[in-house]
There are 2 protein chains.
Amino acid sequence: MGVIIEFEPIGLRVEAEAGQTVIQAARGMFTPESGGISAPCGGKGLCGRCRVRLVEGEFSPPNEVELRLLGKKGLEEGYRLACQAVIIGPAKVEIPSEALTGRQKLQLDGTDAAVVPEPAIKRYNIPLKTTSVDYPYSTWQQVEVFLAQNYGLSGLRIDPGLIDRVEALAGDDPVTVSIRGREITNAFMTGMRKPVGLAVDLGTTKIAGFLVDLETGMTLAAEGILNPQIAYGEDVISRLAYALEGEEQYSRVVQVLREGLDRLLHTLCNAAGVVPEDVEEAVIVGNTAMHHLLLKLPVSQLARSPYVPSLTLPVEIKARNLGLGMAFGAVAYLVPAVAGFVGGDHVAMILSSRIHEAHGVTLGLDIGTNTEIVLARNGEMISCSCASGPAFEGAHIQQGMRAIDGAISRVEVADGGRKLHYETIGGSRPVGICGSGILDAVAGLYRAGVINYNGRLDANHPRVRFNGERKVAEYVLVPLEESGVDRDIVITQKDISEIQLAKAAITAGTKVLLEKAGLKEEDIERVIVAGAFGTHLRLESAIAIGMLPELPLERFQQVGNAAGAGARMILLSETERRRAEEIARNIKYIELAATPEFSDNFLEQVRFPG
Amino acid sequence: MGVIIEFEPIGLRVEAEAGQTVIQAARGMFTPESGGISAPCGGKGLCGRCRVRLVEGEFSPPNEVELRLLGKKGLEEGYRLACQAVIIGPAKVEIPSEALTGRQKLQLDGTDAAVVPEPAIKRYNIPLKTTSVDYPYSTWQQVEVFLAQNYGLSGLRIDPGLIDRVEALAGDDPVTVSIRGREITNAFMTGMRKPVGLAVDLGTTKIAGFLVDLETGMTLAAEGILNPQIAYGEDVISRLAYALEGEEQYSRVVQVLREGLDRLLHTLCNAAGVVPEDVEEAVIVGNTAMHHLLLKLPVSQLARSPYVPSLTLPVEIKARNLGLGMAFGAVAYLVPAVAGFVGGDHVAMILSSRIHEAHGVTLGLDIGTNTEIVLARNGEMISCSCASGPAFEGAHIQQGMRAIDGAISRVEVADGGRKLHYETIGGSRPVGICGSGILDAVAGLYRAGVINYNGRLDANHPRVRFNGERKVAEYVLVPLEESGVDRDIVITQKDISEIQLAKAAITAGTKVLLEKAGLKEEDIERVIVAGAFGTHLRLESAIAIGMLPELPLERFQQVGNAAGAGARMILLSETERRRAEEIARNIKYIELAATPEFSDNFLEQVRFPG
């Protein structure tokens with residue numbers, strides 16, 4: 001039996017083995033985004049950034065590395081290095097804010113993936129001699145011979161176009177070449193240029209990009225942009241429909257996406273002070289539709305039942321062929337999808353949350369317009385995708401909005417629904433309500449009895465009124481005088497129905513997976529909730545309306561942009577890359593449309609629990 | 001000690017081991033082109049095409065395969081299958097004309113490479129089910145799963161562009177996919193389409209192309225075209241000079257070459273009744289300059305001393321990126337060069353002549369404007385290239401011409417130079433003289449004393465006259481009345497000087513290699529003479545003027561377009577491909593410009609021997 005290590009301020013309890021370091025215990029249990037411990041040096045005891053404070057219990061005595069990096073004073077104050085301190089019994093640990101990553105920050109936040117850098121790109125410095133009659137060997141011949149003699153590398157290949165770019169290198173200054181697999185993909189004068197990679201999480205709405213130092217694993221810049229394809233359809237299906245109108249339309253959506261990605265690359269490079277020509281590899285994860293649209297794969301079969309991807313092999317393609325102005329020979333690696341609505345982003349989420357290696361029963365949810373759910377036990381994984389709709393992104397909700405400034409993001413219902421406390425993002429007057437606010441409101445009103453188990457508003461409640469214009473009952477959240485816009489902010493009967501449909505889809509999907517696995521809700525030992533909404537939602541509210549299983553709160557873990565974290569891990573480590581491919585191959589996909597239990601469960605789950 | 005097998009009508013004597021089959025004895029000793037035995041099935045006893053007739057001596061008794069394929073009558077007439085008959089003692093064998101390949105035919109002749117087919121392209125037939133809600137897997141997902149489960153293939157990649165091409169394949173008809181290494185490079189409805197490959201020998205003057213059945217190894221079509229770049233410079237240096245005039249000029253020479261190659265591909269496909277989309281791989285050998293020009297590599301360093309190639313790694317590039325309209329995902333493989341004037345064609349020549357595995361001292365010459373020479377012993381190879389000039393291609397010779405109809409190709413000098421017998425190609429009246437004719441004439445006149453050891457014509461000889469107009473002495477080969485053109489056909493003092501310079505370069509190159517290896521001329525056990533001129537020249541003449549070492553004739557072997565044969569072997573067999581790369585890596589290149597012995601030898605060798 002392991003020992004319990006409790007992490008503050010996250011409140012996460014982790015079961016660890018005596019003999020593990022603190023970072024080993026913390027890894028696997030939560031992603032860097034969700035409150036992992038920053039370890040830029042990969043846990044080698046070099047950077048000192050994984051400083052934590054021992055609040056209760058004991059670790060192994062401090063070692064010399066800790067004394068050097070924390071000082072005597074640091075040690076006296078209870079500080080330890082998470083990569084050095086070894087667990088010997090139960091303990092409570094505080095992660096100082098500077099080492100605590102993600103969580104309170106933006107979902108695309110640029111934290112450092114907790115993997116030992118082991119990138120696909122390897123660099124070699126090669127001394128050169130001037131070509132002459134007495135030494136009649138060209139730059140490349142010298143490179144080839146040097147690599148063979150000093151590193152035993154043979155059977156190498158080179159992108160012929162690269163030769164053209166580096167003709168100027170001939171001389172007697174040393175050159176550096178980058179090798180990926182058997183291919184030489186970059187070459188330049190040896191110097192201080194560091195190898196950099198690009199990790200991208202390609203979403204229907206948002207594209208998150210990260211520039212990563214491939215040597216140290218540090219994230220140098222992080223940036224999110226809206227997917228420029230939004231102009232051609234807000235959701236996946238309408239965007240595919242547009243692309244299917246004709247070749248010209250398809251080319252247009254591909255083009256704007258590629259241009260957007262290239263702009264993101266340049267923005268990241270500016271922020272990090274790196275030239276795009278030094279970006280030597282890209283790893284792209286995304287939902288299946290975005291993956292297909294980026295590669296310009298056939299999508300007609302993706303837009304109609306049974307929504308199958310045209311390709312689920314990993315793709316390696318020259319970045320320049322995607323319009324990315326990186327190093328000339330740089331390759332973009334696209335993490336494979338599992339099914340039409342289970343993409344490489346889900347694979348990356350599973351990887352970074354370590355769901356694939358969890359021993360106990362683990363449920364993972366990535367809540368969005370489509371919610372991907374995975375149920376794992378001892379490496380066996382089944383997954384499904386359910387159409388939960390865009391309600392939690394604020395769409396299809398009367399006064400819904402994205403989670404940006406002015407959105408009501410937290411609601412407390414008091415005094416039987418007659419009083420209401422709320423918070424807005426940025427603290428300004430409310431202008432609308434975002435997903436987490438809607439969820440809180442519906443859950444609170446249900447608990448207060450303002451909404452019954454069928455979702456009906458109590459017409460006699462003092463804050464419920466009938467809107468004659470819209471012919472719908474509504475509950476007034478914020479009266480005009482408090483509102484930041486010139487109207488009351490309300491939740492309508494229709495809004496509640498949208499939430500019911502969304503939660504019914506998610507719950508039914510979860511139940512189908514449990515039934516297929518012969519498990520019950522209470523068997524679930526861990527629930528990973530990923531994605532922007534999933535990270536900001538209040539777990540109690542989600543449990544109250546039955547969207548998440550009724551389990552003790554400590555079994556839950558909200559992991560932020562776990563897909564983005566996974567993308568960076570795959571970029572940084574060939575081992576993680578192989579794992580991602582294994583995950584994609586091993587997941588058993590359940591098509592809910594072919595599962596009668598789903599419809600049964602769905603109808604049942606429209607009601608609220610209890 | 002081995003036993004001697006003599007092959008007729010070639011007159012070649014081969015030392016074989018008892019226990020070898022006839023084809024094993026024949027292989028290694030001469031290439032298919034030079035008089036090899038046709039074995040389309042790779043020597044498996046399937047096709048019966050390696051029929052030979054035992055003229056003297058004995059083989060093992062005929063087996064059942066021979067009885068079946070040759071019939072009782074065939075056996076009674078002395079016919080045997082070279083792949084079945086086992087050597088038990090000395091014998092004389094006649095190769096019937098239908099099994100005799102090359103030699104008397106065009107240098108590009110389409111004979112079958114004597115290797116067991118083991119192509120880089122592997123095909124797999126895959127059953128498909130119709131995609132449905134109950135079976136929600138796309139064509140490619142099914143392909144992936146089938147290959148993993150039935151062949152253990154994982155980690156595959158696919159050219160994303162290929163997906164687009166085969167969308168129409170979705171259905172329940174089986175598909176065939178082609179895999180090259182880890183990459184899926186082709187896919188189509190399973191059917192009778194055979195896998196075909198293209199082998200190309202890319203010369204400065206001529207391009208030889210071969211379409212090869214990758215399953216049987218049979219050559220389906222062979223065709224030679226003039227290199228269309230000739231319009232931009234006859235020889236390598238003038239062509240490079242043109243390319244270096246500017247980007248536009250460079251693009252033009254690249255473009256015409258690629259277009260020419262694509263036309264050759266289509267011509268070959270028409271001849272063989274194959275669609276270009278079924279051509280799944282190309283192997284291209286060529287001299288270094290043509291290799292660079294095809295790939296559009298930097299060439300400025302190739303046009304000036306010390307003439308180094310910009311790249312000597314093997315190149316794999318999508319054929320479509322070279323403008324070749326083959327199967328969409330098809331790859332072109334370019335055999336690596338060794339040095340600026342020792343190209344992949346020389347590597348292919350060494351491979352097909354088996355020089356790399358010769359135990360005895362072996363000299364290989366590929367005579368052309370530049371003559372590549374290799375000296376091998378026990379797998380150690382040193383090579384050089386010498387500027388022998390275009391005299392043997394008929395250029396720089398007063399009445400020289402290419403080896404085409406009307407060219408004097410054979411000359412016998414009789415009666416002290418007063419009489420002359422000659423042959424022309426095609427048997428028509430002579431219009432000029434080609435390389436082999438010039439060589440015969442100079443050798444004959446030297447032996448007759450009409451030319452002295454300094455190369456001077458005897459001014460007092462009845463057929464020698466002084467041409468006042470050109471201010472040069474000349475020997476009348478063919479008087480006006482016999483000539484096919486309205487003039488005498490002559491050899492001038494200047495022509496003789498050109499031959500002296502050419503032979504001096506070749507001989508000096510050979511001597512430098514011998515000196516570097518610490519060997520003497522008489523140590524050479526085998527001399528391989530390759531190329532069009534090398535195959536048609538009369539050995540006695542070449543020896544008489546000192547261009548080839550003075551050795552017994554049976555040590556010589558004229559092997560035709562051995563580079564083309566090598567290209568086909570590399571196309572057909574991955575083992576041969578690896579060998580070619582090893583050869584290219586292992587050859588030690590001697591830069592004659594940096595070798596003082598070369599100039600000394602050269603001056604000495606301008607004189608004729610004796």
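How are α13(A) and α14(A) oriented to each other? Hi everyone, let's start there. This is a predicted model, where local features need pLDDT of at least 70, side-chain atom pairs count only at pLDDT 80 or more, and totals for chains, interfaces and linings use all residues. Residues are numbered from 1 along each chain as its sequence is written, chains are lettered from A and ligands numbered from 1 in the order written, and side-chain values use heavy atoms, leaving out hydrogens and water.

Back to chain A: helix α13 (residues 562-572) and helix α14 (residues 574-586) pack at about 120°, with axes 5 Å apart. Helices here are DSSP runs of H or I, at least four residues, numbered from the N terminus. Axes are lines fitted to C-alpha atoms over the stretch in contact, and angles run from 0 to 180 degrees between N-to-C directions. The pair is therefore oblique, the class left after under 35 degrees (roughly parallel), over 145 (roughly antiparallel) and 65 to 115 (roughly perpendicular).

Now the interface. Chain A and chain B each bring 46 residues to the contact. The buried area, meaning accessible area (1.4 Å probe) lost on being put together, summed over both, is about 3,700 Å², with 62% from carbon and sulfur atoms. Four salt bridges cross it, each a side-chain nitrogen of Lys or Arg within 4 Å of a carboxyl oxygen of Asp or Glu. Glu581(A) forms a salt bridge with Arg157(B), closest N and O atoms 3.0 Å apart. Thanks, all!

Terms used: Contact means heavy atoms within 4.5 Å. Buried area is the accessible area (1.4 Å probe) that two parts lose on being put together, summed over both. Helices (H or I, at least four residues) and strands (E, at least two) are DSSP runs, numbered from the N terminus.
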